Amino acid sequence: MSVITRVPEPNIWHEICKEIAGQRPPFREEDTSSVLTDYKDYDPALHHPVFFGKMHERIESDADPFAEIDVAKSHPSCVGYSFTQKPPKSPSPPPPPPPNKDTCTAREYLEHYVLPVLLPALEAMLRQAKTEKCFERKRTKFNALDFITEYLYRRNPQYTDRGETDLWSIPFVQEWLKEHPRPPLPLSLIWTEEEAALIIQSYWRGYLVRRVPEIQELRQWQKEWQEENRGIQTRVSDFWDKQMPDWDKPTPTTSKTNMETEEDLPPAVQSPTPAAQSPTPAVQSPTPAAQSPTPAAQSPTPPQ
């Protein structure tokens, strides 16, 4: 009886990672049965904390190995095993010197000058693409070329002051965007899932509130009131224009010249009450002012 099996679709992420891993030099290990001594490689689901980082081998014996075990000095899981430290890794041979840029072939130039710089950028780009969920969606805001451009510009070994430079601050990118401006991204690509969820929830809560009968009645009253009072300023102006059609023109008894002359003169300030007048004339002295009976005394001798 034949059985129809479903072959899983190939994942482009695993294929690219497999291809990049195949280009790396193979790691040489002295002991293939043990794990590395680096603690960063420890996985509690795969490794035992007692056996991790050590070379071990099971030893068969006729006597009972548990008879002489002391749990104060040894772990019970070590019974029946022999341990030894892993030898240190032998240093890798130094890489051959790169060929001359001017005389090497195109393949050698790519292998020694282009790929060592470009492959780490591609690997970082794939990791960021996985973070941005590019392998799960058809459209995302992630631009692979922009990421590689910024990555290579920041990590140029000839410059040390580009660590915090973003893509939009790069000079040649600014010049390019002046001649080739980009259209803005839609909000569906800019918003994150959390931001989109908050906006959808706020609109949904507003819809639930507007469904309340009291709220609908209030909204209907506001709509009718706005329609009734629409253009109220225009209607007030039309009303006063009908009541006073000539309010902006001079009166018939006043000429235009008099109005202009009166406008030029300063306003006269008058007292609110007329000035009080004396009921009788002013009293005069019956005799003229007293005069000196004798002339003023003169000095007997002129001053010297």
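**Exercise 1. Classify Tyr-207 by its accessibility: buried, partly exposed or exposed?**

Step 1. In this predicted model, Tyr-207 has a relative accessibility of 39%.
Step 2. Buried means under 20%, and exposed means over 50%.
Step 3. Tyr-207 therefore counts as partly exposed.

**Exercise 2. Trp-204 and Tyr-207 form a ring pair. What is its geometry?**

Step 1. A pair of aromatic rings is described by the distance of the centres and the angle of the planes.
Step 2. The structure holds six aromatic pairs. In the pair of Trp-204 and Tyr-207, the ring centres are 5.4 Å apart.
Step 3. Their planes stand at 35 degrees, so the pair is tilted. Stacked would need under 30 degrees, edge-to-face over 60.
Step 4. Both residues belong to helix H6 (residues 193–210). They are three residues apart there, which means a separation of about one helical turn.

**Exercise 3. Which rings lie under the charged end of Arg-162?**

Step 1. Take Tyr-153: the charged end of Arg-162 sits over this ring, 3.8 Å from its centre.
Step 2. Take Tyr-159: the charged end of Arg-162 sits over this ring too, 3.8 Å from its centre.

**Exercise 4. How do helices H2 and H3 pack?**

Step 1. H2 spans residues 106–131 and H3 spans residues 144–154. Their axes are 10 Å apart, at an angle of about 130 degrees.
Step 2. That angle makes H2 oblique to H3.
Step 3. The crossing is right-handed.
Step 4. The contact involves residues of H2 including Val-117, Leu-122 and Met-125. From H3 come, among them, Phe-147 and Tyr-151.
Step 5. Phe-147 and Tyr-151 also join Phe-142 in a cluster linked by ring pairs.

Key
Residues are numbered from 1 along each chain as its sequence is written. This is a predicted model: local features need pLDDT of at least 70, side-chain atom pairs count only at pLDDT 80 or more; totals for chains, interfaces and linings use all residues. Side-chain values use heavy atoms; hydrogens and water are left out. Rings of Phe, Tyr and Trp (its six-membered ring) pair if their centres lie within 6.5 Å; planes under 30 degrees apart count as stacked, over 60 as edge-to-face and the rest as tilted. Helices (H or I, at least four residues) and strands (E, at least two) are DSSP runs, numbered from the N terminus. Buried means under 20% relative accessible area, exposed over 50%, partly exposed in between (1.4 Å probe, protein chains only). A charge sits over a ring if NZ of Lys or CZ of Arg is within 6 Å of the ring centre and within 35 degrees of the ring normal. Axes are lines fitted to C-alpha atoms, for helices over the stretch in contact, and angles run from 0 to 180 degrees between N-to-C directions. Angles under 35 degrees count as roughly parallel, over 145 as roughly antiparallel, 65 to 115 as roughly perpendicular and the rest as oblique. A crossing is left-handed if the near helix is turned anticlockwise from the far one by less than a right angle, and right-handed if clockwise. Contact means heavy atoms within 4.5 Å.
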